[in-house]
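Please read this briefing alongside the structure shown below. It is written for a reader new to protein models.

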Amino acid sequence: GVEVDKKKAVQLYSQAADKGHASAIFNLAYCYRNGDGVKKDKEKAITLWKKAADLGNAYALYNLKALGIDYTPCPPKQEQQQQQEEEEEEE
(Lines give C-alpha, C1' and ligand atoms only; values in the text may rest on other atoms or scores of the structure.)
Protein backbone atom coordinates (compact mmCIF):
# COMPACT_ATOMS: atom_id res chain seq x y z
CA GLY A 1 0.00 0.00 0.00
CA VAL A 2 0.82 3.65 -0.05
CA GLU A 3 2.16 5.32 3.09
CA VAL A 4 -0.07 8.07 4.48
CA ASP A 5 1.59 11.49 4.45
CA LYS A 6 -0.67 13.78 6.46
CA LYS A 7 1.54 16.85 6.00
CA LYS A 8 1.41 16.38 2.22
CA ALA A 9 -2.38 15.97 2.45
CA VAL A 10 -2.62 19.29 4.30
CA GLN A 11 -0.45 20.94 1.65
CA LEU A 12 -2.65 19.63 -1.17
CA TYR A 13 -5.90 20.48 0.63
CA SER A 14 -4.56 23.99 1.23
CA GLN A 15 -3.74 24.47 -2.45
CA ALA A 16 -7.22 23.35 -3.49
CA ALA A 17 -8.84 25.38 -0.68
CA ASP A 18 -7.06 28.51 -1.95
CA LYS A 19 -8.85 27.92 -5.26
CA GLY A 20 -12.23 27.76 -3.51
CA HIS A 21 -12.89 24.01 -3.51
CA ALA A 22 -15.45 23.44 -0.75
CA SER A 23 -14.59 19.77 -0.18
CA ALA A 24 -10.89 20.62 0.21
CA ILE A 25 -11.77 23.36 2.71
CA PHE A 26 -13.94 20.84 4.58
CA ASN A 27 -11.13 18.25 4.65
CA LEU A 28 -8.56 20.85 5.70
CA ALA A 29 -10.83 21.77 8.61
CA TYR A 30 -10.84 18.11 9.67
CA CYS A 31 -7.04 18.12 9.64
CA TYR A 32 -7.00 21.12 11.97
CA ARG A 33 -9.73 19.67 14.20
CA ASN A 34 -7.83 16.40 14.66
CA GLY A 35 -4.25 17.64 14.39
CA ASP A 36 -3.58 15.53 11.29
CA GLY A 37 -0.45 16.92 9.61
CA VAL A 38 -0.86 20.28 11.40
CA LYS A 39 -1.04 21.57 14.95
CA LYS A 40 -4.54 20.97 16.35
CA ASP A 41 -6.55 24.22 16.10
CA LYS A 42 -10.28 23.97 16.78
CA GLU A 43 -10.92 27.65 15.99
CA LYS A 44 -9.22 27.33 12.60
CA ALA A 45 -11.33 24.23 11.90
CA ILE A 46 -14.51 26.13 12.75
CA THR A 47 -13.51 29.05 10.51
CA LEU A 48 -12.81 26.66 7.65
CA TRP A 49 -16.07 24.76 8.14
CA LYS A 50 -17.96 28.07 8.00
CA LYS A 51 -16.20 28.90 4.74
CA ALA A 52 -17.03 25.45 3.33
CA ALA A 53 -20.66 25.86 4.44
CA ASP A 54 -20.77 29.23 2.66
CA LEU A 55 -19.72 27.38 -0.48
CA GLY A 56 -22.57 24.88 -0.08
CA ASN A 57 -20.91 22.02 1.79
CA ALA A 58 -23.71 20.49 3.88
CA TYR A 59 -21.30 18.28 5.84
CA ALA A 60 -19.50 21.37 7.13
CA LEU A 61 -22.81 22.77 8.35
CA TYR A 62 -23.54 19.44 10.06
CA ASN A 63 -20.16 19.51 11.83
CA LEU A 64 -20.75 23.06 13.03
CA LYS A 65 -24.15 22.05 14.42
CA ALA A 66 -22.56 19.01 16.09
CA LEU A 67 -20.23 21.43 17.89
CA GLY A 68 -23.24 23.44 19.04
CA ILE A 69 -22.64 26.26 16.55
CA ASP A 70 -25.77 27.59 14.88
CA TYR A 71 -24.48 28.99 11.61
CA THR A 72 -26.40 30.37 8.65
CA PRO A 73 -24.30 30.13 5.48
CA CYS A 74 -23.78 33.26 3.42
CA PRO A 75 -22.93 32.26 -0.16
CA PRO A 76 -20.20 34.41 -1.75
CA LYS A 77 -22.50 35.68 -4.53
CA GLN A 78 -24.85 37.14 -1.94
CA GLU A 79 -21.95 38.88 -0.21
CA GLN A 80 -20.85 40.47 -3.47
CA GLN A 81 -24.38 41.50 -4.35
CA GLN A 82 -24.88 42.95 -0.88
CA GLN A 83 -21.64 44.96 -1.22
CA GLN A 84 -22.77 46.35 -4.57
CA GLU A 85 -26.15 47.34 -3.14
CA GLU A 86 -24.45 49.09 -0.22
CA GLU A 87 -22.13 50.97 -2.58
CA GLU A 88 -25.07 52.05 -4.72
CA GLU A 89 -26.89 53.34 -1.62
CA GLU A 90 -23.83 55.45 -0.68
CA GLU A 91 -23.81 57.22 -4.06
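Predicted model: local features only at pLDDT ≥ 70, side-chain atom pairs only at ≥ 80, totals over all residues.

Residues are numbered from 1 along each chain as its sequence is written, and side-chain values use heavy atoms, with hydrogens and water left out.

- Helix 4 spans residues 58-66; helices are DSSP runs (H or I, at least four residues), numbered from the N terminus.
- Within helix 4, A60, N63 and L64 are buried (under 20% relative accessible area, 1.4 Å probe, protein chains only).
- These residues cover an arc of only 100 degrees around the axis, so they sit on the same side of helix 4; the arc is that of the directions from the helix axis to the C-beta atoms.
- An α-helix has 3.6 residues a turn, so residues three or four places apart point the same way.
- A58, Y59, Y62 and A66 are exposed, on the face turned away from the buried side of helix 4 (exposed means over 50%).
- The buried residues of helix 4 pack against helix 2 (22-34) and helix 3 (42-54).

**The ends of helix 4**

- N57 caps the N-terminal end, with a side-chain oxygen 3.0 Å from the backbone nitrogen of Y59.
- G68 follows helix 4 and has a positive phi, near 85 degrees.

**K50 in helix 3**

- K50 lies in helix 3 and touches L64, I69 and Y71, not counting residues up to four places away in sequence (contact means heavy atoms within 4.5 Å).
- K50 is partly exposed, with a relative accessible area of 29% (partly exposed lies between the buried and exposed cut-offs).
- The C-alpha atoms of K50 and T72 are separated by 8.8 Å, and the two residues are 22 residues apart along the chain.

Methods. Helix = DSSP H or I, 4+ residues; strand = E, 2+ residues; numbered from the N terminus. Polar contact = N/O pair within 3.5 Å; in protein donor to acceptor, adjacent residues only side chain to side chain.
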